[in-house]
Amino acid sequence: MTYARILLLSLLGVSTPFMATSSVKLPLPVIEETHQIEQHSIEVKGSWMTYLEQGEGKPVVFVHGNPTSSYSWRNIMPYIADTHRAIAVDLIGMGDSGKPDIDYTFKEQYQYFSRFINRLDLDEVILIGHDWGAAIAWLYAKKHPRKVAGLAFMEGVLPPQFPAESYESLGPVADFFRALRDPVLGPMLVIDQNMWIEQALPASVNRTLGDQAMDAYRAPYLVPESRKPLLAWPNQLPIAGEPTQTDRIMRGIKRFMRRTNMPTLYVYGSPSVERSPQVLKWYVENIDELETSYVGQGLHYLPEDQPDAIGRALEDWLRRLDD
């Protein structure tokens, strides 16, 4: 049974032998769930965006995905902060950032992120992205190639998987993503039941998240109306040409990947949820200045599974970029 199938069944409330007991989770080192990294806030487009910051030097900006926050980078940032200025942003409507009355489309999320970079007056920035944060990082690099000195990404919502030509091409999760776009089922799962936080996130980490971590991830979404960004993200996935704006953006990223000479690092684990062998092969064949780093066992939220291995991989990559 594929991991995607297991995740789909668990989200729909169907038990499987794999999910029957937490004892089947592979043993991993204890992951620290507290941190002492200072949080800051800055005005952006009439709202505010919060971020963690540590260290000095060339800026390295970490961009999270759905439904996480800057908190997911807490154990990775210290590896970078000895030699660089490590910054982990909370995307708009997420983490401790403001929740303006917008639709939270990919384009809007990108606009707030781009303005955040401008407000901090960052140049020669290195971007580190996960999930949708990887897509935001790639789009920023495409639009501002002279301002980006390098990009590392993992478990990204990116080509070659997206744009998806059809729901059927998504395999066993096709029905799940159809359900999220249903005007009744989608809000019921995400807004009413808080599915991304209570089910999808813990099911997509290869260990049992502790109370502190779960509380940190729950905190921005304690009331239903705060969960609007969590429903917007899956509905921004470009599938069968819709939404057209995101489909067009993702095709542009795909073209940029094939022509850029930007130093790039692809971090991946196993079993992953993005069909690592096929995706890895595509990246190796299509991105010229690509390095890869395997960080061990992990599912989709690799920063919660393998922060030390990711931190060491980034530390080594950055050292060689600086040489």
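Reader: In which hand does helix 3 pass helix 4?

Author: A word on the source comes before the answer: this is a predicted model, in which local features need pLDDT of at least 70 and side-chain atom pairs count only at pLDDT 80 or more, while totals for chains, interfaces and linings use all residues. Residues are numbered from 1 along each chain as its sequence is written, and side-chain values use heavy atoms, with hydrogens and water left out. Helix 3 (residues 106–119) and helix 4 (residues 132–143) have axes that come within 10 Å and cross at roughly 65°, where helices (H or I, at least four residues) and strands (E, at least two) are DSSP runs numbered from the N terminus, and axes are lines fitted to C-alpha atoms, for helices over the stretch in contact, with angles from 0 to 180 degrees between N-to-C directions. A crossing is left-handed if the near helix is turned anticlockwise from the far one by less than a right angle and right-handed if clockwise, and the crossing of helix 3 with helix 4 is right-handed.

Reader: How do the residues of the contact of helix 3 with helix 4 divide into nonpolar, polar and charged?

Author: Contact means heavy atoms within 4.5 Å, and on the helix 3 side the residues that meet helix 4 include Phe 106, Tyr 110, Phe 113 and Ile 117, while those of helix 4 include Trp 132, Ile 136 and Leu 139. Ala, Val, Leu, Ile, Met, Phe, Trp, Tyr, Cys and Pro count as nonpolar, Asp, Glu, Lys and Arg as charged, and the others, Gly among them, as polar. On that basis the contact of helix 3 with helix 4 divides into nine nonpolar, three polar and one charged.

Reader: Is Val 89 buried or exposed?

Author: Val 89 belongs to strand 4 (residues 85–89), and among the residues that it touches, leaving out those up to four places away in sequence, are Met 49, Phe 62, Phe 113 and Phe 116. Buried means under 20% relative accessible area, exposed over 50% and partly exposed in between (1.4 Å probe, protein chains only). Because the relative accessibility of Val 89 is 0%, this residue counts as buried.

Reader: Which helices are included in what covers the buried residues of helix 9?

Author: Six of the eight residues of helix 9 (residues 228–235) are buried, so this helix is largely enclosed by the rest of the structure. The buried residues in helix 9 are Pro 229, Leu 230, Leu 231, Ala 232, Trp 233 and Pro 234. What covers them includes helix 3, helix 4, helix 5 (174–181), helix 6 (185–192) and helix 7.

Reader: Which residues do salt bridges that share partners join into one network?

Author: Arg 319 forms a salt bridge with Asp 323, with the closest N and O atoms 3.8 Å apart. Arg 319 is partly exposed, as its relative accessible area is 44%, whereas Asp 323 counts as exposed at 72% relative accessibility. The salt bridges that share partners join into one network Glu 291, Asp 316, Arg 319, Arg 320 and Asp 323.

Reader: What is omega for the cis peptide bond from Glu 242 to Pro 243?

Author: Most residues other than glycine have a negative phi, and most peptide bonds are trans. Pro 243 is placed in the loop between helix 9 and helix 10 (244–259). The bond from Glu 242 to Pro 243 is cis, with omega near -10°.

Reader: What is phi of Asn 194?

Author: Asn 194 sits in the loop between helix 6 and helix 7 and counts as buried, because its relative accessibility is 6%. Its phi is positive, in a residue other than glycine, and the value is near 55°.

Definitions and conventions
A salt bridge is a side-chain nitrogen of Lys or Arg within 4 Å of a carboxyl oxygen of Asp or Glu.
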